[in-house]
Amino acid sequence: MDSTLLVAIGAAIAVLTGIGAGLGISLATGKAADAIARQPEADGKIRTTLLIGCALAEATAIYGFVIALLIVLLLK
Amino acid sequence: MDSTLLVAIGAAIAVLTGIGAGLGISLATGKAADAIARQPEADGKIRTTLLIGCALAEATAIYGFVIALLIVLLLK
Amino acid sequence: MDSTLLVAIGAAIAVLTGIGAGLGISLATGKAADAIARQPEADGKIRTTLLIGCALAEATAIYGFVIALLIVLLLK
């Protein structure tokens, strides 16, 4: 059995990490839209907070993407 | 057993990453519609916030798409 | 059976750790946006608290990322 047999499956599972960030960032965005409707004049502060949080969450998706890239490029 | 045997399954699993973003962006859009109904004059601010958040969430789906493409093109 | 057969699968499962952080950080960000809408003048305090919590949550994703990197680079 070839050692590269499961490379495609491995890369695929790694990039699935993005599901958490994709769902979470959207939920945060929905909450932020709610928050702006309640305090439209605080939109700058809310948007800054949203960006900080989403950048950190996006990073987790990028970790999965990088590992998937490494798996495809190094292990094939 | 051929090393490319599982390439199709791998690419398919990779692109499933888009489930999180697809569901999440829709929920965020729903919340934003609610928010605009509550504060119609804040629609520009809410739309800007929605776009920022959804762009970040969409990126996670693109990661899955890119990995699926790489799997199909490089590992076949 | 080759000992490197499951390296890709192993690395992929390791980086899935980021799902928890990606989802959790986003939920915290949504709550913080809510909190700023309720007390816009406390935005600095809320953002600092968000950053502390999210840094700790992000660390769990980094653990998964580092282990996945080590698996790909050392075990291939």
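Chain A carries 5 positive and 5 negative side chains, and the centres of these two sets lie 4 Å apart. Here Lys and Arg count as positive and Asp and Glu as negative, while His and the chain ends are not counted; the place of a charge is NZ of Lys, CZ of Arg, CG of Asp or CD of Glu.

A word on the basis of these values. This is a predicted model, in which local features need pLDDT of at least 70 and side-chain atom pairs count only at pLDDT 80 or more, whereas totals for chains, interfaces and linings use all residues. Residues are numbered from 1 along each chain as its sequence is written, chains are lettered from A and ligands numbered from 1 in the order in which they are written, and side-chain values use heavy atoms, with hydrogens and water left out.

I turn to the fold. Chain A has three helices and zero strands, helices being DSSP runs of H or I of at least four residues and strands runs of E of at least two, numbered from the N terminus. The radius of gyration of chain A is 18 Å, well over the 11 Å that the globule rule gives for 76 residues, so the chain is more spread out than a compact globule. That radius is taken over C-alpha atoms, and the rule is 2.2 Å times the number of residues to the power 0.38. Along its principal axes, the C-alpha trace of chain A spans about 60 × 15 × 10 Å.

Next, the record. UniProt, in an unreviewed entry, lists residues 6–29 and 50–75 of chain A as "transmembrane region". Positions are given in the numbering used here, feature names are shortened, and annotations may be inferred rather than shown by experiment. In the model, residues 6–29 of chain A are 88% helix, with end C-alpha atoms 36 Å apart; residues 50–75 are 100% helix, with ends 37 Å apart. The unreviewed entry also annotates residues 9–71 of chain A as "domain: V-ATPase proteolipid subunit C-like". The end C-alpha atoms of that span lie 10 Å apart.

How much of chain A is buried? Of its 76 residues, 70% count as buried, that is, under 20% relative accessible area, with exposed meaning over 50% and partly exposed in between (1.4 Å probe, protein chains only).

Individual residues show how the chains meet. A:Asp43, in helix α3 (residues 43–75) of chain A, is buried at a relative accessible area of 12%. Leaving aside neighbours within four places in sequence, A:Asp43 is in contact with A:Ile36 and B:Lys45, contact meaning heavy atoms within 4.5 Å.

B:Gly20 belongs to helix α2 (residues 18–38) of chain B and is buried, at 2% relative accessibility. With residues up to four places away in sequence not counted, B:Gly20 touches A:Ile19, A:Gly22 and A:Leu23. Its C-alpha atom is separated by 7.8 Å from that of B:Ala61, 41 residues away along the chain.

In chain C, C:Leu16 lies in the loop between α1 (7–15) and α2 (18–38) and counts as partly exposed, at 24%. Among its contacts beyond four places in sequence is A:Leu16.

Finally, C:Lys76 sits in the segment after α3 (43–75) of chain C and is exposed, at 53% relative accessibility. C:Lys76 and C:Ala8 are 68 residues apart in sequence, yet 8.5 Å apart in space, C-alpha to C-alpha.
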